[in-house]
Amino acid sequence: MMLTVKGKILMTVLTVVLMFALFILFYFPARQEHYLLENYNEEIENFAKTVALGVEIALTEQNYDGVETAIDFVRDDERLVYVSLIQTDSISAPDGSNLMVEKKVINSFPEDVKVNPNAVSSELFIIKSAPFSTPMMSGEILLSFSTEEIIKSKKQIRLTSLIASLVVFIIGLLIGYLLARNISKPVLALRDAANRVGEGDLTQSVDNKSRDEIGQLSVAFNKMVKDLGIEAALERVRTKALAMQHSDDLPITIASLLRELNHIGLASEYSGIGIINNKRKQAEFWTTINPEGGQDALEKGKISLSGHPFLDGMLYSWENQEPHTYILQGDEYHDYYQLFESSGVKLSRDAIKESSSQTLQFCYTAMFPAGALTIFRSKPIVETNSHIIQRFADVFHLAYTRFQDLRNSEVNVREEMKQASLDRVRGEIASMRTKEDLSEITPIVWKELTSLGVPFIRCGVFIVDEVRKSIQSYLSKPDGSSLGVFNLPYNANDFSKMMVDHWRKGKAYQDHWNKDQFLKFVQSMIKQGHIKDEKTYQGAASPPESLDLHFFPFAQGMLYVGNTTLLEDDDFQLVHSLAEAFSIAYARYEDFTKLEQAKNKMELTLRELKSTQTQLIHAEKMASLGELTAGIAHEIQNPLNFVNNFSEVSIDLIEEMVEEIAKGNDGEINLITEDLKQNLSKINHHGKRASSIVKGMLEHSRTGKRQKELADLNVLADEYLRLAYHGLRAKDKTFNADFNIELDKDLPKVNVISLDIGRVLLNLINNAFYAVSMRAKNENNGYIPTVMVRTKKLKDQVEITVKDNADGIPPDVLDKIFQPFFTTKPTGQGTGLGLSLSYDIITKGHGGVLKIDTKVGEGTEFIIVLPE
Amino acid sequence: MKILVVDDEKDIQPLFEQRFRREIKKGEFKFVFAYSGEQALVYLEKYKSEAVLILSDINMPGMSGLELLENIKQKYHRPPPVVMMITAYGDDDNYKRAMALGADDFITKPVDFGVLKETIKSMYE
């Protein structure tokens, strides 16, 4: 069975009381009765003794009256039942061993009573005997007393006990009840309060003024609940802080914090939070007199933290991050609120005065790194509570840190959005190609203003055309779609004049129109024929009540943003950026045609260049062919001369032989025959020589696909060395140089395009001859211009070197030597393609290597290495 | 009469030997051959004044005929050897330079050996 505290206490008390009552009821009367009986017995025994003594004396003196007198001692006692004088005789038992006592009643009072000398006490009678002994006789006095009195007394006692126990019981019950109530009430109150606290109601406090343990418990409980309340309040603020998703949510947290401060009773009047700017000695703050009003009741303002001892002290304490306490009173109080009025907070002085009936305020400020939390009270704070403000400040620090993080990330996000937006504007505007595309300007601007989060209701772009002295106006409809374009001459109206004026100065321009001004402008536009009717203008059919116009200049015109209020600084900056992005993009659009033209021109130039390049390459080929021609002519001329000469000589010889045959001069005939034989082989040799040169020339001039075939590089090297030499010789009569050739007899045939390798050799050899001849012109003393061509078998490779003993190639030239069109020859003498083509032929065409080994002042060696 | 022929074409030797077969046979002419200007100078140094006529090609690798001519005309004054230049490139420039250097004749290839024979003969008659 569950018992309440009250029940338990009551039970306890009742048990005790019951025990006591029972004690009174039973034990006490029992004891009383016992004593009563004992006393009675004693009294009777004494009576018996006294009577026995009297009888003894009387009998000793043999005064029988004396016996009576002795008996008289009890005779009149009302309680007496009887008194007997009994003689006791000791007689021997018949067996003679024992003495037997024989009792004999001598005398009794009342006489009629029948006395049993051996009677013992019963409930109704108490029988006592007292012995006496005289020489005459021995006996005893037997007294029997009625217990009637005793029984009466007993009844009396029981009654009294019953009454007493009843009284005790009732009193005990009463006390028990009161006690139980007294104890259980605060306990129950504590229980109930604790239950409610458990249910989340932290407004509970237990009213118990007693100083007993329960009283102390109540105090402890109240403190605990209060602490819990503070913790919960802090937790709520913390939760609000953590729930902030956007930097705009900061006021929610602030409002929550101020409300909690109010709830826990710390801010008895009002409180505020300030973010301190130490450089400017200024604080941006939020405050409210009505903390229950939440975010809406919150007022935001700025206050200078200098010029008032309270604020000076606060700033100083903030710098040291120490709590600050100040009592505002008297003039300082008034000064402070005067200063406060300048903060821009609508929290009126009256309201503050109202809230504070006296001009005395206790100001407690707790610091956090970014600012301070101040509460204003009409009464000083309990010392033990002062740290709570700091805890709130600490929680707010948390909130403010989160706010800063949020703000930073928002700045980043916004910056990213801004960049993305600007990029889109750049992209979209720059991708515009035609006049028709331009009609998309306003929707784009509209879209990006929206995505930038700039508040606006109208937008547009004005492109200033200085040539036509007009403004191309692209304006939005109220729904964001394009209104199309209309042209506004510079001098159309004050508005256009103002716009051009500001644009020229590169200045932003702001104006404010009310409904009438808007309509007036529209009317003037209609009158001048710039717009057809009201509907075609920016929603003039339903004009805005109030319109703030902002014009942002950019290189080609003005960007227009219309809003119901003036734009904030941030938005102003954003639109500026947009205008700049727009400008760049628009410039790109404008340049597009030019660019397109330029591009076409470039492409044409490129085509021309390519064709020129082809021509140049051809020219290089032709040039080398030209160089060859003279050499070839000479090379052909020589064998042909031999052919002619040997054949002519042979004719003579035959004539001579005929003569000798006639003479029969056999010896001479034989000699002539030998000569003829030799001549014919010479003719054959030189004929072949000429034909091979012709073949080579044909190959050199042949175009089209050429096949790689096994070629003897020794032959090639020899042939081209000679061709080059004679070619140069033919071109420049003054040219002369020594040349020698070292051919490796073991050189294997390699798979090459002979003609290409020939060209390379020709080019290298020509260059070598050119170089040595240049040095020869400048140097006379003993310089022998020499060009050496050498072939050599390497492991898996063949090497052809063309070496000269000219001046060598300086490093700065060496770097560029394989670049196309690079030449050290005077203008017109070289195409600058020779080495470049040679390089390509060897490396790309044949997978070989073309190296240069040069030493300034000593000469140059070009080394061709080709895979076998 | 000893004639030094200078030409880098070695076949010039059999050609001359056959062209002047009769003259050689008769002992009228005696030919020596040099295949470069340098060789010619070496020969001239060795057999001073043996050759009375020098026929030299102009276009030769190394020392050219004109250089040889210049050398000869500078070194050998007494008796001055007759130097005739033979060239495939019978252009003005070469001719003028040869003449300026003191060439006694200037023959253009292809050589007309009949004319050459007459020229040589007339020179020593």
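Helix α7 (residues 330-341) of chain A lies across β7, β8 and β9 of chain A, at about 100° to β8(A). Helices here are DSSP runs of H or I with at least four residues, strands are runs of E with at least two, and both are numbered from the N terminus. Angles run from 0 to 180 degrees between N-to-C directions, and axes are lines fitted to C-alpha atoms, for helices over the stretch in contact. Two residues are in contact if their C-beta atoms, placed from the backbone, lie within 7 Å.

The model is predicted: local features need pLDDT of at least 70, side-chain atom pairs count only at pLDDT 80 or more, and totals for chains, interfaces and linings use all residues. Residues are numbered from 1 along each chain as its sequence is written, while chains are lettered from A and ligands numbered from 1 in the order in which they are written.

- An open sheet of 6 strands in chain A has the order β7-β6-β5-β10-β9-β8, with antiparallel pairing; two strands pair if DSSP finds at least two bridges between them.
- Its edge strands, β7 (299-304) and β8 of chain A, each pair on one side only.
- From one strand to the next, the twist averages 25°.
- Within this sheet, β5(A) and β6(A) are joined by 7 bridges in the antiparallel sense.
- A:S271 has A:T288 in β6(A) as its bridge partner.
- Helix α6(A) lies across β5, β8, β9 (360-368) and β10 (371-377) of chain A, and runs at about 180° to β8(A).

**Backbone features in loops of chain A**

- A:K281, in the loop between β5 (270-277) and β6 (282-288) of chain A, has a positive phi of about 50° although it is not a glycine.
- A residue is buried if 20 or more other C-beta atoms, placed from the backbone, lie within 10 Å of its own, exposed if 12 or fewer, and partly exposed in between.
- A:K281 has 14 other C-beta atoms within 10 Å, so it is partly exposed.
- A:Q321 also is not a glycine, and has a positive phi of about 55°; the loop that holds A:Q321 runs between α6 (309-320) and β8 (324-329) of chain A.
- A:Q321 counts as exposed because it has 12 C-beta neighbours inside 10 Å.
- The peptide bond between A:F109 and A:P110 is cis, with omega about -15°.
- A:P110 belongs to the loop between β2 (99-109) and β3 (125-133) of chain A.

**Chain A as a whole**

- Chain A has 19 helices and 23 strands.
- Of its 868 residues, 33% count as buried.
- Among contacts in chain A with a separation of 6 or more, 64% are between residues 24 or more positions apart.

**Helix α3 of chain B**

- In helix α3 (residues 37-46) of chain B, the buried residues are B:G37, B:A40 and B:L44.
- They cover an arc of only 55° around the axis, so they are on the same side of α3(B); the arc is that of the directions from the helix axis to the C-beta atoms.
- These buried residues pack against β1 (2-6), β2 (30-34), β3 (53-57) and α4 (65-75) of chain B.
- The exposed residues B:V42, B:E45 and B:K46 are on the face of α3(B) turned away from its buried side.

**Where chain B touches chain A**

- On chain B, 17 residues are in contact with 21 residues of chain A.
- Both α1 (12-19) and α5 (92-100) of chain B supply at least two residues of the side of chain B that touches chain A.
- α1(B) gives the most to that side, with 4 residues.
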